[in-house]
Amino acid sequence: MLPQAIVNGLLFGSVYATIGIGFSLVWGVMNIINVAHGSFIMIGAYLSYTLFALYGLDPFLSIPPVMAVLFLLAYAIQKYVLNRVVRGSVFITLTFTFGLQILIANLCLLLWSADSRSIKLPYSSAGWQIGGLVIPLVRLGIFGVALLLTGLFYLFMRRTRTGVAINATALNFEGAKTVGIDVYNIYAITFGVSAALAGAAGCLISPIMSINPFGGGPLVAKAFVIAILGGLGSTVGALVGGLALGLVETVGTVFISSSFQELLGFTVLVLVLVFRPQGLMGKRFYE
Amino acid sequence: MNAVLLSGQGVSRSFGALKAVWNVDFEVRAGEIFGIIGPNGAGKTTLLSLVNGTLPLTRGQIRFKDRVISGLRPYRIAELGISRTFQVVKPFPGMTLLENVSIGALFGKDKIRDAREARERTRSILQTVNLSGREDVAVENLNISERKRLELARALAMDPELLLLDEVMAGLNSAEIDWIMDLIRRLNEREGRTIVVIEHVMKAIMGVSHRIMVLHHGEKIAEGSPAEVSREEKVISAYLGERYARRRGAAGKGEQGGGNGGGEHAPG
Amino acid sequence: MIPQAGGGRWKAAGALLLAVLALLLAAAPFLLTGFWVRLLTYIFMFSVLSSALNIIAGFTGYAAFGNMVFFGLGAYTTAVLMSKARLGFVPAFLGSALVAGITAVLLGLLLLRLKGHYFALGTLGAAEAVKYLIENLTGLTGGGQGLTVPPLRGRPATVNTFFYFLMLLLLVVILLVVWRLSRNRLGYALKAIRANEEAAGVMGIDTTRYKITAWVLSALFTGVTGSIYAYWFTYIDAPTVFDVMWVVKMFVIILIGGAGTVFGPVIGAFILETISELVWSRFLNLHLGILGLIIILVVLFMPRGIISLVTQGKSLLSLAHRRRPPGRQPQGRPRGEDGQ
């Protein structure tokens, strides 16, 4: 039981990492807690489902187009709307993203109805058997792709000019402006990248989870936990946080009831916030 | 000899490996104007923050009227009669000038409860700092000189026994500086307030202070009257470099003032 | 304490308006159908809740996204005391107030040291933790089944009228409290804390004490509203009384009306609930979407609320320190001639 739970936890934790990285990025760079992140994931999942249903496109292959669509969508939202309130108080920005979340959820409801959707892949039952452990191929693929995305993101942030500009803007808004960085454009790019990652995560979960318009909420809660545990601004932190969360969830159900788990989870979260807000790995980004 | 009002023993504050203030002993006597100078980064503002409780000490102790105040929260220290201005002014945005200053009257040492009394004290202070006509102006609309005087007014509204001034003259022109120097003297001589001043404007601080302490890299390197301090080789060296100090010493010059024909401001 | 701008002519007109309003409100339950009476009661309830949130969020600047925790605890305290301990409504009501108040002190000591997002989400986490705790104490709270409360006996019209006036009374009380708050020392301390907490401390304000006081005040009103809710609806369950969407609504209400103002939350509640009712009855499918759109539009175009758009009165603290993208006007709204 336990070893299988560990394997499952790690495999699924990689998706959490992908979700957490995008969420943590927006929080760290723009000090916005993007509650709509969950709905971006859902859009990705729905798009992946639609491409599969209409053209038989494998969800793994729909990742690039979905990421592109979400990048453009989020870039536009940030550039023309969110940039006006981005420097506002938490009251304003949090309420705003809540509004965005329910707006998008409603749109998904209209376009795809409230019925749960899911993708049945032809190879979904194939898997490896090692010892007593079962490793489904799909989950392994998800794991690999998620790690790949994390790695690409890490390189993007460290090695490309845009990535460096994002970092600069996050660390010193005024300073970045002074050296000629178009900070509001950077914000738009950041939001776009975050949404693209969310969209990719949506594609990744589409074959293994049922999709419904309100699935975004619980996912954002998890993203929040990962961001806190891993520390804002730390890709490695988000990765570790995601895997850890995946592990805790699967291993936890072996030992404790799910409702009690939630209680424990939130209590730990509050304690971390109070006593170690920089997370287990990160440095304090914003107050 | 006047009683000691404020004193520090072994006062230290580190940020990780950085020693912002290290092992500073000092005494401020009641009724005097005590200046603190030193190159940028010397730890002057940090020292003030340690006195008024904004920052906790890493080591050492600070006493006010023989009572240990290090470790108390800022509001407690304010209630005891110590108030302070900030180098980067910290007004209350969204409130008018009058409201900003009244906070000091309402919550400072005297905790005035009567509205009329608070208003009167506020008005009289605004007169002292020459801001009487600007009562209802939102603080965002004040210019730099007015903002500096607002900082001062807020601190005065608390009727402090000990007033800590952190670079009140930065950004002001020559006439405004003279005016503030005059105000500081009046507050000290006519109202009997003990004042600790941090300044970079040399002519100002040398002109008003009774005694001066010099900080460099967080440590005290000199203390004494303005004349004594400005002749100390260590001080000259800290501001202008060792070679300059040695050359001056060799040439046997005995000038007053920390600068040397290069204007009133100390470099750095 | 400090003289307010605005003169006697406003006062006379205002008093007349209030008198007419009071008359209308008093007569309403006898003139309208049960549906409208209940709707108005519901609007009063959200007005109280939003006003209470306004104390800690609008006045003090601490966006307590978990404020429903007090509502839920208030509701459950009353429900448990009335159904299990067979107590009357009045002792249950007081019990709810006590529980809410004590919780606010405990949570305040733990969480009020946090700022901004950390505080907002810390309170949310705490609220969720309490929700799950309550759901797990099945023996006491009925767990997922919820709790039923012994109802008030009487004809429907009488019951409706009772709760209408009870909620209206609570609203009047909280408005009086908040009105005093906008003028007294506590209010000034909170305003200062919100404007610049560090400076407030340096000027002699015991920020911890004042923040906790504000939150306790907010919690008391929120908790007793929960108590009334339990008695009124006669059935409660955890997901409803700890629903975070309620808090989001409350924030939107405060935004629409004007944060840190006295009547803002009431105006906002009336506007939002009216729109909600209209939309709900016609476009069920679009309900959430329209709410979302309203939220977005309000945040973009009216972050200081209606009150600041309409009156000349002193606009209290500026909520959104907005920076526009380069090439546009510099930050903030243009100031009027009187410099407000």
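Biologist: What does the secondary structure of chain C come to?
Modeller: In this predicted model, chain C has 15 helices and 2 strands.

Biologist: And what percentage of chain C counts as buried?
Modeller: Of its 340 residues, 52% count as buried. As for contacts in chain C between residues at least 6 apart in sequence, 76% join residues at least 24 apart.

Biologist: How do α7(C) and α10(C) pack?
Modeller: Helix α7 of chain C, residues 156-181, and helix α10 of chain C, residues 207-233, pack at an angle of about 175° with their axes 11 Å apart. An angle over 145 degrees counts as roughly antiparallel, and α7(C) and α10(C) are therefore roughly antiparallel to each other.

Biologist: Which residues make that contact?
Modeller: From α7(C) there are C:Phe163, C:Leu166, C:Met167, C:Leu170 and C:Ile174, and from α10(C) there are C:Phe221, C:Val224, C:Thr225, C:Ile228 and C:Trp232. By class, this contact has 9 nonpolar residues, 1 polar residue and no charged residues.

Biologist: Turning to the interfaces, how many residues of chain A are in contact with chain C?
Modeller: On the chain A side there are 37 residues, in contact with 43 residues of chain C. Helices α4 (90-112) and α11 (258-275) of chain A each supply at least two residues to the side that touches chain C. The most comes from α4(A), with 15 residues.

Biologist: How do the residues on that side of chain A divide by class?
Modeller: The side of chain A that touches chain C divides into 25 nonpolar, 8 polar and 4 charged residues.

Biologist: Now chain B: how many of its residues are in contact with chain C?
Modeller: For chain B the number is 29, in contact with 25 residues of chain C. The elements of chain B giving two or more residues to this side are α2 (74-80), α3 (97-107) and α4 (115-128). The largest share, 7 residues, comes from α3(B). By class, this side of chain B has 15 nonpolar, 7 polar and 7 charged residues.

Biologist: Staying with chain B, what is the strand order in its open sheet?
Modeller: The open sheet has 4 strands in the order β2-β1-β4-β5, with antiparallel pairing. Strands β2 (18-29) and β5 (67-68) of chain B stand at the edges with a single partner strand each, so one side of each has no neighbour in the sheet.

Biologist: How many bridges join β1(B) to β2(B)?
Modeller: Strand β1 of chain B, residues 4-15, is joined to β2(B) by 8 bridges, and the two strands run antiparallel. Within this pairing, B:Leu6 has B:Val28 of β2(B) as its bridge partner.

Biologist: Which residues other than glycine have a positive phi in chain B?
Modeller: Among them are B:Asn23, with a phi of about 55°, and B:Asn130, with a phi near 65°. Most residues other than glycine have a negative phi.

Biologist: Is helix α1 of chain B buried or exposed?
Modeller: Helix α1(B), residues 44-52, is mostly covered, as 8 of its 9 residues are buried. The buried residues include B:Lys44, B:Leu47 and B:Asn52. Just after α1(B), B:Gly53 takes a positive phi of about 90°.

Biologist: Which residues have the most contacts inside the largest nonpolar core?
Modeller: They are A:Leu70, A:Ala200, B:Ala153, C:Ala63 and C:Val252, in a core of 287 residues. Helix α8 of chain A, residues 183-205, gives the largest share of this core, 17 residues.

Biologist: What does A:Ala200 touch?
Modeller: Leaving aside residues up to four places away in sequence, A:Ala200 touches A:Thr18, A:Gly44, A:Ile63, A:Val66, A:Met67 and A:Leu149.

Biologist: Finally, how many residues lie between β1(A) and β2(A) in their hairpin?
Modeller: There are 2 residues between them, and A:Gly131 in the turn has a positive phi of about 60°. Strands β1 (127-130) and β2 (133-136) of chain A run antiparallel and are joined by 4 bridges. A:Gly127 has A:Pro136 as its bridge partner in β2(A).

Notes
Residues numbered from 1 in each chain as written. Chains lettered and ligands numbered in written order. Predicted model: local features only at pLDDT ≥ 70, side-chain atom pairs only at ≥ 80, totals over all residues. Contact = placed C-beta atoms within 7 Å. Nonpolar A, V, L, I, M, F, W, Y, C, P; charged D, E, K, R; others polar. Axes fitted to C-alpha atoms, helices over the stretch in contact; angles between N-to-C directions. Parallel < 35°, antiparallel > 145°, perpendicular 65-115°, else oblique. Pairing = 2+ DSSP bridges. Buried ≥ 20, exposed ≤ 12 C-beta atoms within 10 Å, placed from the backbone. Core = buried A, V, L, I, M, F, W, Y, C linked by C-beta atoms within 7 Å.
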